[in-house]
Amino acid sequence: MASKDIIIGIVGSGGDGVITAGEFIVSAVSSEGLYSFLLKSYGAQIRGGESSCRVRISQNPVESQGDELDALVVLSWSDYLKFEHEIDLHATTVIVHDEEDPIPDDHVARWADHPTYRIPFKRLAKEEMQTVLTKNIIMLGSLIELFGMPERGIQHAIDKKFGKKSPGVVAKNLEALACGKRWVAENIKKTDDCFLEYTPSEPKLVMEGNAALALGATVAGCRFYAGYPITPASEIMHWMAQHLPAVGGTVVQAEDEISAAGMVIGASFGGIKAMCATSGPGFTLKAEMLGLASMAEVPMVIVDVQRGGPSTGIPTKSEQTDLMQAVYGSHGDSPRVVIAPTDVEDCFDTAVYAFDIAEEFQIPVVLLSDQFIGQRKETVRPFPVDRRQVYGRVKPSEAELVGYKRYRLDTPTGISPMAVPGMAGGQYPASGIEHNEVGDPTSRINLHNAMTEKRYRKYKYIVEKYSFVRRYGDDDASVGILAWGSTKGVVKEAVARLQAEGYKVGAMIPQLLHPFPMEAFDQFLAGKKRLVVAELSYRGQFLQFIRSRCTITAPIHHVARPGGKPFTVREITEALREVL
Amino acid sequence: MAIDANQQPAAADAGQQPTADTGAKKHVPTDYKRDLKPVWCTGCGDFGVLQSIYRALAELDILPEDVGIISGIGCSSRLPGYVNTYGFNSLHGRALPIAQGLKLARPEITVLAVGGDGDGISIGMGHFPHAARRNVNMTYIMMDNFIYGLTKGQVSPTTPKGDTTVSTPFTSIDSPLDPVKLALAFNVSFIARAFAGDLKHMTDMVKSAIEHKGFSFVHALSPCPTFRGMDEFKRIRAAVNYVEPSAEELASKAAAFAREEEFVGKINLGILYRAARSTYEEETQLVRERSLKSRGRAPQMQELLGEFMP
């Protein structure tokens, strides 16, 4: 039976080119108009070491990485063993491996029922192509024949990747591709039914969350970026360094995380939209700057691409454990906004929202992404980049510049018009010290009360204007699931799966996390008898946070586990079944 | 109050006025004075530094709205509040990152970073060499009082070894750092030292620093009578040694270093080192040009999305 939705996993050592192979598949299927979803997983080694990827390919839009693999391709079993806990197989997952590297003895019996093909990837590379480097391309060629990977698309991807180098490199790789395909056609009799069936359509984009986020920021008008290298956020800096100068912007690799945040505040004080991106440990270092942006009311966007923590943790893997520091980190009562993208395309949109909120409300905005979204590749339908209106900063009028009060209190929204250097009459001292309306330092408690209240007044209007949540499934279901960020994909798919079985389930994924969209949450909660809350946090930061906002009377089934491996659709479906 | 939908405040949009000769009278020091009484103690050297900034800005005739003065935390970091320019009294040790961010985002603004010895070479030391190696076109005035004043008298990174302070009741056992020698090591492109007890000279130093193209550093000796005694002014005045190195000596780091080592107990005042180097703003502009050259022209936003097409 042919399939419209298959998942292939490829495992090897760093030098085997398995990630490149996965990227070729994603490019190939996207240029054929199909949808795909690529997850990469590495060991901690800088070069070499183990690496793996899983790519899901479908005729229809895919929401997640799916469940078990339909096919497992192994170039090295010793590397496979390092990933064994991350790779789920079903009863008939097809196993493909290099004939020189036999299945480990203790796995042979366990996998007796799996259709298995042994292909001489390494030997063909050496003997037919004269270089072992072509091993991954030969492997790709075999997948064309074995599982129906789109040949034309892979050829196009090879041409695009190597075309700039030389025609010879392209020809050599195309030859290797044909070699792998031919060997399978001549030597393997297929005994499984895993084969992609599809109808080509309009080509689509391939995006990573980090790049989509950087593009969104640029479209929103960000023209200053300061960063410090950190996994898994560095791709944001790389994209900015590649593109921002061409649109007149500036990118600085700062000496440390604190400096990067400080430069952003300085640029924004100068009236230029500015952003920095980091991961958990870097965010902690920026916490004091976050307090400064709150106090001085300087717009600022800080991206936190979360990784396993605490401390160095697992830099290459995802977790949802920076929520508490995003919402509460820093000293004093320091208002900030926290929003979380839910998929790759959402990284673009939430980056635009982040700037809109930061600029309009003169408040720091934390964009809380994670490694799962940031570093995966996803097929995205092309869209007009100006689909969202971009808002700017409130500036003082001519009249307001006479006896200008930078921090005037009598504004209904808490937003006081902000002058920028160069504006005559707008000179003022910004400060992290508590200040009066013109910016002079004060330690008077009546002013501290009034200014604190003013800074928090903005929340009401932010919630009114930017109460973004995603709702899926049945609004009137008595069973609901609540999750956030990158868990959206598996939740949406699990809900659809259960609906197809005749159950009624409703899901809510808030993109605006702080201030919490209470009204939307109340609407979701209405009529719910039982709830599932799912998060990649052992401590359960999300549920703790929600409970600090309201009382939930419905019983809660809390699925809270450490990250490293994203939730599967099956995990979420089973959790919901327990309360259905 | 108007919502400005324009996402990018262009210089003209930001109310930038041409600074060319419009026949207006030149600025006087009081034009830069802001109506707020300093918190500093009587006799504090910081008053002299503040005056020198008023005078230097007036002599250079820079519009107050075209200046940004960024500070960290400390007695001296209160300074931006006393100047009628844009100012930012930020975080302890972080004046330089914020000042560089402002300058790189708005190169037409004259940017000064000010702060103390603790702010600059203790908690914020990590930023100093990097601002120097970028050679951002701005001025850093370090007001050195050899003590933590705002927190009431603890030992600082420039306090002489053997001094008694509230945190070193049995005398300080740490060797002091010399900001000028550090600046030489960091390859700062303009280094001067001045003394709050000589306003005319300090004004000249601040003025030359602002005029220098690149990252300029003024080590401003600014005594603290409250925590280091009324005699500190006298002690420094007795030790000062005005220098006017030749053009050749000015360009030599070795000569500058040797001069600092030469007279034990003497404090050299004057421009100590100066070099011409490209600024970070010039370099970032070159990056923009290289980037445009590699693409042919500036991309439309929709084209940036198109780059993701496989």
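Two strands pair if DSSP finds at least two bridges between them. Strands here are DSSP runs of E with at least two residues, and helices are runs of H or I with at least four, numbered from the N terminus. The model is predicted, so local features need pLDDT of at least 70, side-chain atom pairs count only at pLDDT 80 or more, and totals for chains, interfaces and linings use all residues. Residues are numbered from 1 along each chain as its sequence is written, while chains are lettered from A and ligands numbered from 1 in the order in which they are written.

**Exercise 1.** Work out how β2 and β4 of chain B pair.

Step 1: find β2 at residues 67–71 and β4 at residues 110–116 of chain B.
Step 2: follow the pairing, which is parallel and runs over five bridges.
Step 3: look for B:Ser71, which stands opposite B:Val114 in β4(B).

**Exercise 2.** Trace the open sheet that these strands belong to.

Step 1: read off its nine strands in order, β16(A)-β3(B)-β2(B)-β4(B)-β5(B)-β7(B)-β6(B)-β9(B)-β8(B), with mixed pairing.
Step 2: check the edges, β16 (429–431) of chain A and β8 (240–242) of chain B, each pairing on one side only.
Step 3: see where the chains join up: β16(A) and β3(B) pair in the parallel sense over three bridges, and A:Ser431 has B:Asn89 as its bridge partner.

**Exercise 3.** Describe the side of chain B that touches chain A.

Step 1: count contacts (C-beta atoms, placed from the backbone, within 7 Å); 59 residues of chain B meet 71 residues of chain A.
Step 2: pick out the top contributor, α2(B), with eight residues.

Technical notes. Two residues are in contact if their C-beta atoms, placed from the backbone, lie within 7 Å. Ala, Val, Leu, Ile, Met, Phe, Trp, Tyr, Cys and Pro count as nonpolar, Asp, Glu, Lys and Arg as charged, and the others, Gly among them, as polar.
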